[in-house]
Amino acid sequence: MQEKYLPHEIEARWQDFWDHHHTFQVQHNPSRKKYYCLVMFPYPSGRIHMGHVRNYTIGDLLARFKRMRGYQVLHPMGWDAFGMPAENAAIQNNSHPAPWTEENITIMRSQLKRLGFSYDWNRELVTCDPQYYKWEQKFFLQMWEKGLVYRKESRLNWCTACATVLANEQVVGGNCWRCEGKVVQKPMDQWFFKITAYADELLEGLKSLEGKWPDRVLTMQREWIGRSEGVLVDFPIEGMEEKITIYTTRPDTLFGTTFMSLAPEHPLVEKLIEGKHEAGVVRTFIDKTKRESKSEEGEVLEKEGIFTGAYCVNPITKKRLPIYVTNFVLMGYGTGAVMAVPAHDQRDFEFAQKYHLPISVVIQPPGKIMDPRQMKAAFEEEGILTNSGQFNGMKSSVAKLAITDFLERRKRGYKAVQYKLKDWGISRQRYWGAPIPAIHCGQCGLVPVPEDQLPVVLPRDVQLTGTQGSPLARHEAFLHVSCPRCGASARRETDTMDTFVESSWYFFRYVDPQNNQSPFSQESAESWCPVDQYIGGIEHAVLHLLYSRFFTRVLRDLGYVKLNEPFERLLTQGMVVKDGAKMSKSKGNVVDPDYLIEKYGADTARLFILFASPPERDLAWSDQGVEGAFRFLTRVWHLFHETVNNRWAGNQPPAELSFWVNKTIKKVTEDIEENLHFNTAISAIMEFVNYLSSIAPLSGLSDSFRGALKTLVVLLNPFVPHFAEELGSIMGFQGSMLNYPWPSYDPKALVEKEITVVVQVNGKLRAQLFVVPELSQTEIEKRARADEKTASYLQGKEIVKVIHVPGRLINFVVK
């Protein structure tokens with residue numbers, strides 16, 4: 001065994017060994033328990049970063065650990081390859097997205113292999129491959145047939161200069177991020193998946209994930225789905241037969257309504273302003289709001305509105321209410337109309353103050369009386385009703401039920417359940433995505449592409465300019481086709497699918513990636529799914545995870561799978577931060593993984609990543625921490641080197657050795673398997689190494705000591721696999737350590753207690769010994785003298801006296 005720890009030689013050797021022996025390939029064996037470990041696949045952006053390293057190291061540790069625990073482990077990797085970054089890079093470089101993507105995949109695959117991750121590369125998938133996306137085109141057609149796909153007009157961000165649609169994040173201060181031109185809201189026909197059909201089931205299904213998914217993620221999904229129980233109320237319009245219908249969860253505030261707010265797109269707006277002198281300014285205001293960017297909740301920089309000149313009537317008080325068109329009410333949320341109660345809704349309060357509209361208090365805090373003229377903010381809590389007729393004196397919670405009942409009995413309103421969740425708009429007016437398999441025929445209308453004509457392949461011979469919209473609309477060979485129903489000239493759909501579609505089912509394709517007859521076999525899905533452990537960032541808590549849950553249910557209803565939930569357990573790891581901020585090129589605080597591997601080796605990088613922080617918390621980067629991880633591995637290497645080369649003199653294993661071995665096995669096993677506390681598992685291993693180092697001079701030649709070292713190697717393997725494989729081979733293990741079982745502990749051996757004895761030299765702390773209570777002073781003194789650190793302080797000194805306080809300390813007085 002060489003004296004020096006040389007990580008690069010060791011890591012290259014074992015990576016070659018794993019490749020040559022196909023160590024990580026897996027075929028389903030029904031006689032063994034399965035474990036499907038999956039980390040969210042990356043976008044091939046060019047190079048991996050430390051966030052990737054952290055995610056994939058966590059997944060690799062669990063995959064290796066479970067394999068040693070006797071599971072057959074599926075641990076795949078692939079690439080989420082469609083999307084804007086590749087298209088933007090192609091525009092900037094006057095090239096095509098495909099070679100940019102392929103080159104990045106080659107680089108990133110090589111980086112992942114250098115880190116020793118145990119992926120079954122035979123299952124690698126790339127979502128921009130037609131043999132992948134043809135299956136989601138098939139899903140699209142089947143969903144269309146089931147009524148889960150439809151097309152309707154929707155408003156999108158449109159750059160007039162670039163003549164293209166922009167995502168919300170591409171609109172900066174109302175301007176295009178690329179050309180800085182003005183962005184307007186443009187109505188366009190869009191494709192939608194009817195996720196709302198599964199709203200109740202998606203919400204109910206969260207109960208089965210409690211205790212398995214982070215509470216924070218479950219809360220975010222519940223809020224995104226946003227189920228609410230309320231009442232639909234009709235407000236008659238003066239001089240018209242139509243009524244404005246609103247939805248509210250606060251019928252207890254109905255008496256406090258002082259005006260009505262409508263979305264600019266509300267279908268009644270034109271009727272309301274017809275023939276009125278306000279019509280011109282209202283239309284001007286509506287045109288202005290179309291150019292504004294707003295969130296899904298209708299948040300804008302400044303809340304504005306315009307009076308329509310029309311009035312409606314409160315159905316319960318009969319009061320006349322002015323109707324406003326506002327820029328903060330969304331047509332796609334609720335009914336597109338909101339009864340405004342300024343005293344009890346902050347947004348309405350701010351609007352009322354700005355436009356000098358009345359504020360009427362109808363709910364008072366218990367024991368207080370609010371004067372609307374003195375209010376600085378809306379009172380939105382529950383309280384006691386006032387100025388509410390027969391409902392005065394009721395608590396808000398009671399009044400909600402009573403007023404709802406009152407409205408229903410008089411047929412002025414009725415109970416309703418609504419959701420914040422909106423149908424999933426999947427249309428993207430961009431090139432680099434999966435084509436939507438639809439044809440527009442002048443005779444037949446919208447026609448699905450026949451299944452035997454799939455995949456609809458994205459043409460490669462295009463030029464991306466970034467200023468003329470999608471090149472698919474100009475690609476004659478792609479665009480012009482015959483209608484599959486009537487044979488007439490027709491045109492293909494030129495929108496491509498949202499890239500979230502690819503990531504909403506990729507975990508199923510991994511179980512059967514070479515299947516050319518179907519997306520995957522039901523047998524394979526039943527064998528491997530659901531994913532037992534899913535790992536990824538909290539930023540995917542809603543969209544990706546919700547869409548995956550939706551897609552799983554759709555595939556269930558289409559007969560592909562039998563399960564409801566795709567991911568049994570979820571871990572959302574924290575970010576990697578440096579100098580108090582998330583690592584980013586713009587902040588200049590990026591640490592290059594390649595640099596780290598070159599300087600210290602992959603195992604040092606893995607060890608630091610796992611030791612520095614619990615996985616769910618942010619990891620604060622520390623160069624000193626990386627150095628410390630390397631020193632620890634070097635120290636362990638030295639311990640094995642001295643043992644293998646018989647440098648120790650003693651053959652007397654201490655009585656507590658068995659206790660230490662079993663205690664460490666128990667701690668490491670539980671911290672990985674039950675708690676995912678990898679940092680404390682490593683801490684336990686470090687303590688074990690400290691203990692073994694302290695007894696090595698007296699015990700290093702014994703079989704028991706060497707047995708303890710073998711246990712140490714096995715425990716280290718999931719954390720630092722190259723390092724452990726090398727030490728294992730030196731200690732006599734044959735083949736890969738992954739083929740050796742994880743050790744079990746003996747509960748009886750843990751009954752034995754131990755104590756810590758402080759070692760001092762001239763009253764100063766120099767070391768600690770871990771011993772059984774009955775160990776004699778002679779044995780303690782012998783162990784203390786053998787300790788490497790203590791020995792350095794005793795060397796060349798005369799020991800005048802030895803002071804022993806039983807169970808506490810031993811002090812060498814020297815001169």
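Colleague: Leaving aside neighbours within four places in sequence, which residues is L596 in contact with?
Modeller: L596 is in contact with M50, G601, A605, W621 and V626, where contact means heavy atoms within 4.5 Å. Please note that this is a predicted model, in which local features need pLDDT of at least 70 and side-chain atom pairs count only at pLDDT 80 or more, while totals for chains, interfaces and linings use all residues. Residues are numbered from 1 along each chain as its sequence is written, and side-chain values use heavy atoms, with hydrogens and water left out.

Colleague: Where is L596 found?
Modeller: L596 is found in helix α17, residues 593-600. Helices (H or I, at least four residues) and strands (E, at least two) are DSSP runs, numbered from the N terminus.

Colleague: Does L596 count as buried or exposed?
Modeller: L596 counts as buried because its relative accessibility is 4%. Buried means under 20% relative accessible area, exposed over 50%, and partly exposed in between, with a 1.4 Å probe and protein chains only.

Colleague: What separates the C-alpha atoms of L596 and V626?
Modeller: Their C-alpha atoms are separated by 8.8 Å, and the two residues are 30 apart along the chain.

Colleague: Let us turn to the whole protein. How many helices and strands are there?
Modeller: There are 25 helices and 34 strands. The C-alpha atoms fill a box of roughly 110 × 75 × 50 Å, taken along the principal axes. Of the 815 residues, 56% are buried. Among contacts between residues at least 6 apart in sequence, 72% join residues at least 24 apart.

Colleague: Which domains does the assignment give?
Modeller: It gives domain 1 (140-194 + 423-497), domain 2 (228-418), domain 3 (622-749) and domain 4 (752-814). These bounds come from an automatic or database domain assignment. The centres of domain 1 and domain 4, taken over C-alpha atoms, are separated by 77 Å.

Colleague: Which residues of α20 are buried, and what covers them?
Modeller: The buried residues of α20 include L657, F659, W660, V661 and N662. Their cover includes α2 (50-68), α21 (678-699), α22 (703-716) and β32 (764-771). Just after α20, L676 takes a positive phi of about 55 degrees.

Colleague: And what about α11: which of its residues are buried?
Modeller: In α11, S396, A399, I403, T404, F406 and L407 are buried. They lie on the same side of α11 because they cover an arc of only 160 degrees around the axis; the arc is that of the directions from the helix axis to the C-beta atoms. On the other side of α11, L401 and R409 are exposed. What covers the buried residues of α11 includes β10 (228-236), β16 (363-364), β17 (384-385) and β18 (413-418).

Colleague: How many bridges join β21 to β22?
Modeller: Four bridges join β21 to strand β22 (residues 445-448), and the two run antiparallel. They form a hairpin with three residues between them. The bridge partner of I439 in β22 is V447.

Colleague: Which residue of β24 does H440 stand opposite?
Modeller: H440 stands opposite R491. Strands β21 and β24 (residues 489-492) pair in the antiparallel sense over three bridges. Both faces of β21 (residues 438-441) are covered, with A438 and H440 buried on one side and I439 and C441 buried on the other.

Methods: Pairing = 2+ DSSP bridges.
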